[in-house]
Amino acid sequence: MSSEKNKAELSLLKSQIDPHFLFNSLNSIYYEAIEKTDLAPKAIMSLSNLMRYVLTDAKSEYVSLDQEISYIQGYIELQKLRLPHKTHLNFDLSVDNGEVMIAPLLLIPFIENAFKYGVSSSSDTEINIKLRVEKNHLSFQVRNGIFTNKEADGTQSGLDNVKKRLALIYPGKHDLRINHETNSYQVDLSINL
């Protein structure tokens with residue numbers, strides 16, 4: 001009975017991720033269309049590939065880490081299309097086994113948050129993302145500044161959603177620390193996969 005309840009709750013939580021992803025990606029493509037750049041067709045194709053992952057592979061209970069990383073890299077490439085030149089992005093990746101399985105879409109809300117709040121058109125900004133997996137132990141860090149006065153809206157619900165999913169999928173096997181200062185945001189997540 002408890003297992004069925006957890007499955008139903010996980011299904012609901014995963015379904016709530018999809019709209020956040022779609023809205024954020026469409027905002028990026030909208031920007032390219034407004035600027036009338038040649039990058040809009042590439043952005044639409046990238047979005048198509050990402051949506052395919054979200055609508056098919058990510059519906060599974062677990063995916064390979066390689067699949068999840070490919071999705072993250074595609075998302076970052078899509079975001080790069082709209083980054084101002086003053087934004088410096090570092091993505092440090094080290095994985096000893098890409099076949100290890102992970103619950104899909106656990107990491108992306110933190111990355112979406114970094115792009116949403118950590119980019120400025122007038123100031124130098126830096127987004128640092130670090131993902132390491134060694135002997136089935138995942139270590140994930142995101143560091144970014146905060147350069148917007150946007151109220152926490154869908155992003156906060158996305159982060160709350162991830163916290164609930166971690167508690168249900170990896171009870172006693174994860175550690176999530178979020179340090180939110182006035183001008184900076186830091187996430188440290190570790191999971192024993």
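Predicted model: local features only at pLDDT ≥ 70, side-chain atom pairs only at ≥ 80, totals over all residues.
Local features need pLDDT of at least 70 and side-chain atom pairs count only at pLDDT 80 or more, while totals for chains, interfaces and linings use all residues. Residues are numbered from 1 along each chain as its sequence is written, and side-chain values use heavy atoms, with hydrogens and water left out.

**Whole chain.** Colour by secondary structure. There are five helices and seven strands. Helices (H or I, at least four residues) and strands (E, at least two) are DSSP runs, numbered from the N terminus. The order from the N terminus is α-α-β-α-β-β-α-β-β-α-β-β. Of the 193 residues, 41% count as buried (under 20% relative accessible area, with a 1.4 Å probe and protein chains only).

**Select α2 and α3.** Their axes lie 10 Å apart at an angle of about 150 degrees. Axes are lines fitted to C-alpha atoms, for helices over the stretch in contact, and angles run from 0 to 180 degrees between N-to-C directions. The two helices are therefore roughly antiparallel (angles over 145 degrees; under 35 counts as roughly parallel). Now show side chains. A43, S46, L50, Y53 and V54 in α2 meet Q67, E68, Y71, G74, Y75 and L78 in α3. Contact means heavy atoms within 4.5 Å. These residues divide into seven nonpolar, three polar and one charged. Here Ala, Val, Leu, Ile, Met, Phe, Trp, Tyr, Cys and Pro count as nonpolar, Asp, Glu, Lys and Arg as charged, and the others, Gly among them, as polar.

Select 65–80 and 108–117. The angle is about 10 degrees and the axes are 11 Å apart. α3 and α4 are therefore roughly parallel. Y71, I72, Y75, I76 and Q79 in α3 meet I108, I111, E112 and F115 in α4. This set holds seven nonpolar residues, one polar and one charged.

**Stay on α4.** How many of the residues of α4 are buried? The count is 10 of 10. Zoom in on I111. Beyond its neighbours within four places in sequence, I111 is in contact with I72, Y75, I76, I129 and F140.

**Finish in the core.** The largest nonpolar core has 47 residues. Such a core is a set of buried Ala, Val, Leu, Ile, Met, Phe, Trp, Tyr and Cys residues joined through side-chain atoms within 4.5 Å. Select Y71, F110, I111, F115, L138, F140 and Y170, which have the most contacts inside this core. α3 gives the most to the core, with seven residues.

Terms used: Parallel < 35°, antiparallel > 145°, perpendicular 65-115°, else oblique. Buried < 20%, exposed > 50% of the residue type's maximum accessible area, 1.4 Å probe, protein only.
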